[in-house]
Amino acid sequence: MRQFPLEMHHMAPGRVVEWRLGSTAAEADGPGAPGDAGDPAGRMASFNQDKHFTVAEESRAADDPVASWVAVTFEVTGPLDERALAQSLLAFVQRHEVLRCAFRRLAGEVACEPFDPAGLTLEAQQVGEFGSSEQLGAFLVERFKRSIDTLSWPLFIMGAVVREESSTVYLAFDHIVCDGMSMPLVAREVSTGYEALCRGESVELPPAPSYLDFAEEQRRRYLSIDDRDERLGYWKTFMGQEGEFFPRFPLDLGVEPGRMYPIVNEASTLLDAAEAEVFEKTCLAVDGKPFMGVLASVAVCLREAGGPGVYRGLMPVSERGRDTWAHSVGWFVNTLPIEFDVSPGRDFAQVMASVRAGFTEMMGHLDVPFVRAWELLAPKEFAARSWPYPVNFFSYIDMRKCPGAERHDEWRPTTHVWSARANGACSWFQRDTEGMHMNSLYVDTPAARRTMGDFQEALRLTVQEIARSGGFRRPIALTAPRRPARTPLDVAAFARRG
């Protein structure tokens, strides 16, 4: 399972059907009236959700709407039983409370108001027949962009591309109800539920506590703290005398202050499966992990391209824990700063030791949610609708460790992210059975295209060199010849490779 732009997903054409989620309570009481038998005042959103919703409100009021989504697709073999799939989709939504929530502002706070699961309905809508992969892809890209709205319920769409011998199921979500780690859960639960229904059986799933409980506990613990709280000490030390909450992306992207830009969304493979195995062994040999090796390589490439000898960046960290929230859908992500020495002359083992020390220090300060720290320590920047300038950001997920990974070769799940505009660059790295991959979203400027193109190629050469020789053995070619243009991923070929 890997993450890449939806435009690169070359699906076979077919008939598209979607299922529209509804609620008997909403139909009776009007939009935004969940009518749950629980707390009539709703429950408070998490800090991530509150900020996300607020930005959407302010952008709409300024007639400058922002938009983003995260989506998952996966395959179903054989003729599709549409009724069974609809039942599985409905059961999935009923199981995860956050998916049946409407969000609205109450007395200054953003509240989550859940619909009664028993009152949820699904209505099948025949969208149409698509005769080519190009037509289908263009439709889905436009569909996801126009259908996901933070301020309107439901906050996701569900559908399938139906063919005689197989179908591609898709679900696209607003970020307010899920994170990237939720996508493997979606594929697993809907797939196993569908298979069980086709057999006339029920499926046993592990407990999935509500994300709303997580949000409630988070707000109870951190809403009352102020900027003098000792738990903010790590952030304050990171900010230093300059007082910058956000670590700057160190390379030129050609952006103007205060301006947002359309994005480039691209993905490529850094290491194939065999190279990734050798890379992992090389990292373990110096008491590190593969993600540390990728981060060390990123830091070295940024330095070689003109960045500083000290890496400073933001790194998302899962808040799911090993058990409690492992099977729950929601936005279980904290973001923390990390800093380590990557000065010239240090070999691979030395840089890895620095990464390990920086990561260990970071993980000792998980306590305060990123959005709450942002609000308390950088209130001026917090009032804005975006990060203030290009920010250094690194994310890594080993998809082989996700629930359901043992069947990824069969389901062939893929994750896709999209954002309308940005003012910087973000990169996500994934490891799966086929290797190590990179997906980057960055501003569409001439400078950014040059900078990110050179950086990505240098990074590919660096991790390959580590896999071949065990370290940084030769100068990094920042202007190395580019690989041939990337081509869309064919689903059938994707299956054969698995």
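## How α9 crosses α14

Helix α9 goes past helix α14 in a right-handed crossing (left-handed if the near helix is turned anticlockwise from the far one by less than a right angle, right-handed if clockwise). This is a predicted model, where local features need pLDDT of at least 70 and side-chain atom pairs count only at pLDDT 80 or more, while totals for chains, interfaces and linings use all residues. Residues are numbered from 1 along each chain as its sequence is written, and side-chain values use heavy atoms, leaving out hydrogens and water.

So where do you look? Find α9 at residues 290-304 and α14 at residues 446-469: their axes come within 9 Å and cross at roughly 130 degrees. That angle makes α9 oblique to α14 (under 35 degrees is roughly parallel, over 145 roughly antiparallel, 65 to 115 roughly perpendicular, and the rest oblique). The axes are lines fitted to C-alpha atoms, for helices over the stretch in contact, and angles run from 0 to 180 degrees between N-to-C directions. Helices (H or I, at least four residues) and strands (E, at least two) are DSSP runs, numbered from the N terminus.

On the α9 side, Ser-297, Val-298, Cys-301 and Leu-302 meet Phe-455, Ala-458, Leu-459, Thr-462, Val-463 and Ile-466 of α14 (contact means heavy atoms within 4.5 Å). Sorted by class, this contact has eight nonpolar, two polar and no charged residues. Here Ala, Val, Leu, Ile, Met, Phe, Trp, Tyr, Cys and Pro count as nonpolar, Asp, Glu, Lys and Arg as charged, and the others, Gly among them, as polar.

## The sheet under α9

α9 also lies across β14, β17 and β18, running at about 150 degrees to β14. These strands sit in an open sheet of five, ordered β14-β17-β18-β11-β16, with mixed pairing (two strands pair if DSSP finds at least two bridges between them). β14 (394-398) and β16 (421-422) are at the edges with a single partner strand each, so one side of each has no neighbour in the sheet.

Inside this sheet, β17 (residues 425-432) and β18 (residues 435-443) run antiparallel and are joined by eight bridges. Look for Ser-427, which stands opposite Ser-440 in β18.

## Another helix pair

Now try α2 (residues 47-61) and α6 (residues 211-222), whose axes are 9 Å apart at an angle of about 95 degrees. The two helices are therefore roughly perpendicular to each other. Phe-47, Gln-49 and Asp-50 of α2 make the contact with Tyr-211, Gln-218, Arg-219 and Tyr-222 of α6. That contact splits into three nonpolar, two polar and two charged residues.

β1 pairs with β15 (residues 414-419) in the parallel sense over two bridges, and Gln-3 stands opposite Thr-415 in β15.

Two residues lie between the strands, and Ala-107 takes a positive phi near 50 degrees.

The protein's mean pLDDT is 92, and 92% of its residues reach 70 or more (pLDDT is the predictor's confidence in each residue, from 0 to 100). Over residues 31-38, though, pLDDT is below 50, and it is below 50 over residues 475-498 too.
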